[in-house]
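Open your viewer and get ready to select residues.

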Amino acid sequence: MRTCTFQTPSHSGLARLQRNLDRSIHGSQEHRFITTLPSTLSKSSGLSVRCAVRFRPCIDIHKGKVKQIVGSTLRDSKDEGSTLVTNFESDKSAAEYANLYKEDGLAGGHVIMLGADPLSKSASFDALHAYPGGLQVGGGINSDNALSYIQEGASHVIVTSYVFNNGQMDLDRLKDLVGVVGKQRLILDLSCRKKISSPGFHNSSLNPMQEGKYAIVTDRWQKFSDVYLDQKVLEFLASYADEFLVHGVDVEGKKLGIDEELVALLGRYSPVGFGFCICDFVIISHIPVTYAGGVTVMADLERIKDAGNGNVDVTVGSALDIFGGNLAYKDVVAWHTQQQALMV
């Protein structure tokens, strides 16, 4: 879980923090720390922030093989092969990638099944067995099968279409999932696309108020939902999920650069999970948010760190040399290690 520290600047800021913490403590969330606030404020008026951004690795599985695919080209229809754009297909198994991430101490990566076929499910289980507790899993997850993936070694299950069903948020399904695996085991995939006037996407007729906003997309990113990413939505969903995963669908898999506007939105509205105080410092933990999409060069990692205010983790896929790209995996791991050292 990401932790940021900053010195308390004012009574009003402290009061806002106390209200947020009271909501968390007296709500449904459970916390590992007792939340307290100092009886006196620091005389310092400065604000010091320290956050650790993490690299979250990925294993995308399609028909049992580890692949890097332009996600927006996936289809549910039988003619998928004529539209699918594959950037890379590995001769290594999902379990081999899981072992690599385990050896490098990279926790919290995600395994995504790009199809609910038996080969992909088997490969995902192999990865979970290779790195028990170190990987999250998504793709076709529902309240009937979610627990089986936890039992096979997943730290969390990742869900999109099951909750954002037929273009709307299905709160009953969301509550069912929380009841099955617990909030602490659930990640909501809020992958989204900016709503603009363009053909070829379901629900493309636009209300002027929706123009330019990021809408969650479902069903292999083919359908727009009526749920738009903003502060209220993120705060509401944080009551049910331990983390968020967000693919920038407009840039994902295309190696065209990151969606900096989306990263900034996620960093600005990343919900506060809990907080506590040590002397004059308030320790704040945000709900972890991981962004994926468009990373091409090392500088993109710093851009995500800056645009996301240190609140947004990063996934790199097609650009990595282990997936056929030009960006050295070892350099990204070194960057990740450096970020963690900043918190020591």
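Buried means under 20% relative accessible area, exposed over 50%, and partly exposed in between (1.4 Å probe, protein chains only). Helices are DSSP runs (H or I, at least four residues), as are strands (E, at least two), numbered from the N terminus. This is a predicted model: local features need pLDDT of at least 70, side-chain atom pairs count only at pLDDT 80 or more, and totals for chains, interfaces and linings use all residues. Residues are numbered from 1 along each chain, and side-chain values use heavy atoms, without hydrogens and water.

**Stop one: the helix.** Select α6 (171-181). Leu 174, Leu 177 and Val 181 are buried there. Seen down the axis, the buried residues of α6 fall within an arc of 60° (directions from the axis to the C-beta atoms), so they line one face. Now turn to the face pointing away: Asp 172 and Gly 179 are exposed there.

**Stop two: past the end.** Select Gly 182, which follows α6 and has a positive phi, near 90°. Next, pick Lys 183, in the loop between α6 and β10 (186-189). Which side chain of opposite charge is nearest to Lys 183? Asp 242, 4.5 Å away. Lys 183 is buried but has no salt bridge (Lys or Arg side-chain nitrogen within 4 Å of an Asp or Glu carboxyl oxygen). The backbone oxygen of Ala 241 lies 3.1 Å from a polar atom of the Lys 183 side chain.

**Stop three: the rings.** Select Tyr 97 and Phe 323, both buried. Their rings are stacked, 5.1 Å centre to centre with 25° between the planes (Phe, Tyr and Trp rings pair with centres within 6.5 Å, Trp by its six-membered ring; stacked is under 30 degrees, edge-to-face over 60, tilted the rest).

Notes: Lys, Arg positive; Asp, Glu negative; His and termini not counted. Polar contact = N/O pair within 3.5 Å; in protein donor to acceptor, adjacent residues only side chain to side chain.
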